[in-house]
Every structure is written in structure tokens, then in C-alpha cells.
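Student: I would like to go through the ring pairs and related side-chain features. Please set each value against its cut-off.

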Amino acid sequence: MKAVVYYEQGTPEVLTIEEVEKPGIKPDEILIRVKAAGLNPVDTYFRSGKRPVSSFPAIPHFDAAGIVEEVGSSAGNFQPGDRVWGTNIPSAAAEWAAAPASNIFPLPDTMSFTEGASLGIPALTAHLALFFRAALQPGETVFIYGGAGAVGHAAIQLAKHHNAFVITPASTNEKNEIARRAGADVVLNLNNNGWKEDFASASGKPGADVILDMSFSENASTDLHILSPGGRVVAVGSPVNNMPAFPWQLLNQKYASILGILLFTAPLPALQKAASGVQQSYEQGLFSPHVARTYPMDEAAQAHEDLENKRYAGNLVLTVSE
């Protein structure tokens, strides 16, 4: 089978397309004929060396959608021919992938494989951050960084579905429009240096009850200034500095909570509840993923480069097979 492969960590150019052996499955796994594989920032971390790779050659990506081809003896109720999507799928950027059945979910008939491949890490992270970690309540104010990005775009829709008041910042007119279409109540102009100080007047809210932060090391101080007393910050990511400092005194003064989240280690019941919630929102017409661009598998290096350079707002997806 064809797969995206790399033999060493480095720039996107280390990615190649090669013929590799088709995987077998364990009793609790299913074999998926991959139609599309989602691309996420964490994929670039493993490829570039920010995170370790267990062995080489390595096949990247963790999110996929496709068709069940084979079902393990203890892999539940899946049947060959089922349309599915999933996450935490090792080596997803290949024509076939062996996946733990616990991390695989039915793909709605009205959803394309490309959309399904874009659900995993972005949509499930958004759902887990809002509800499993922050315990967002109807009527609360939530501030979401990166509202035009994959996680932020999903979070806006899910928060609005939960009757929250949603505020997000945007740096361009395009991102402003994407966030507004997703349902944001207020979009602040990141190019206005005073937006942090003028948060209340700009948003009409005294502070945020919940903040979803995609780059915690850069925003920690701002978060605690605009957070309401007793508020919660979910640190979804901190790519610039994985060991950030933050103002402890202000944390105490605000009675604030800093909450971590990592999809790879999420408790299985929480992960499955999030998947059910995302699918329900989609089926009710209250959520849809925003796919910014698709790439054929042999353009994986270009996709990684575009993601690292933040060339597009939204999900990037590899189309793997017809």
C-alpha cells in the first residue's frame, strides 16, 4: 500500500510517498480503507522533532475517515463496509490503517470523508475543553483564541449550541468573517493593541468565565486579566514555550483555574461522550467542520509547510484514496 513516510525528523521535505506493508489488526482493532486523513499541528511536532518518534520509518497523522474493511474478533459492532471516522489512529496517512475500535465512530451519511477526517483532534479537543474540562454552563461568557482555526472554529459552534456568549479575536477580515459565520457574538480586532485593556467595553462583558487558549505561554497574563473571578482557562496548547511562566499572584486573586487537556490521554468515556456530542450537533445542523483546503497524498510535504506557515484558516486534509 502507499503511505506517507519519513525516516528522520526535519523539515516537510523529509516526507516521501512509498509502498509499505499493509497493516494487520489485533482483536480489538478494525482495518480502515482510508479515504482522507486530517492534518493537525501535532503532526508537524512529531515530524519536526518537537516531540519524539518511537521508531522509523514513521507514518504521520492521527485523524482519518474511510470504510471498514476488516473487524477484529473483539472490536464491537462494526461491519465491513461501514463509513467511519476516528482519532488516535496510528499511521493514518496511508491507504489502510489499523485503528482501535474504541476510537472509531460512525460517519453520518450526509458527511463527506474529507469532513470526517477533519473532526478528530480539532472537534473532540474543542468539546473536551469546553465541557469535560471547563464544565461550561449555559449563559456563561467564553473567550476563544483562534476562532478561525480548526479547534477554535469548532469550539465557537459547540459553545453557541450550549447557549454561551462567545467572544473571539481575529487578525484579518477573512478570519473575522469565518468566526462570525461560526456564530461568534463578538469578534475583537487583534490589530488594535488596546483590545486587551478594553475587553469589557469592546465586548459588553466584564470578563470571561471560560477561556480556550491555543498558545498559553504567549497569553497567560492577558488571560488572567480578562478572566472573571472564579473563571477557568483551558490551556489547549503552548507551542511557543512548553514550560511557560504565569502570574501566580493574579491567579490567586482571581480564584482562577488553569486546566490542561491532551486528546491522546483523554479518558475513554470522555472521548466517546465528546464524539457523540459532536455528531449530535452535526446531525442537528448546529455544527459543521470548516475544511480550508485538501491535498492529494503526494502533496503531504506542501500541506505540512502550509500548516506551519499558517497559510490557511481552517482544517487541512489529505485525500488518500478514491
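Tutor: Rings of Phe, Tyr and Trp (its six-membered ring) pair if their centres lie within 6.5 Å; planes under 30 degrees apart count as stacked, over 60 as edge-to-face and the rest as tilted. The structure holds 5 aromatic pairs. This is a predicted model: local features need pLDDT of at least 70, side-chain atom pairs count only at pLDDT 80 or more, and totals for chains, interfaces and linings use all residues. Residues are numbered from 1 along each chain as its sequence is written, and side-chain values use heavy atoms, with hydrogens and water left out.

Student: What makes Phe46 and Phe62 a tilted aromatic pair?

Tutor: Their centres are 5.7 Å apart and their planes at 55°.

Student: Why is Phe46 called buried?

Tutor: Buried means under 20% relative accessible area (exposed is over 50%, partly exposed in between; 1.4 Å probe, protein chains only). Phe46 has 17%, so Phe46 is buried. Phe62, at 18%, is buried too.

Student: Why is the pair of Trp85 and Phe105 tilted?

Tutor: The ring centres are 5.0 Å apart and the planes are at 45°, so the pair is tilted. Both Trp85 and Phe105 are buried.

Student: How do you know that the charged end of Arg83 sits over the ring of Phe113?

Tutor: The test requires NZ of Lys or CZ of Arg within 6 Å of the ring centre and within 35 degrees of the ring normal. Arg83 is 4.7 Å from the centre of the Phe113 ring. Arg33 likewise lies over the face of Trp96, at 4.4 Å from the ring centre.
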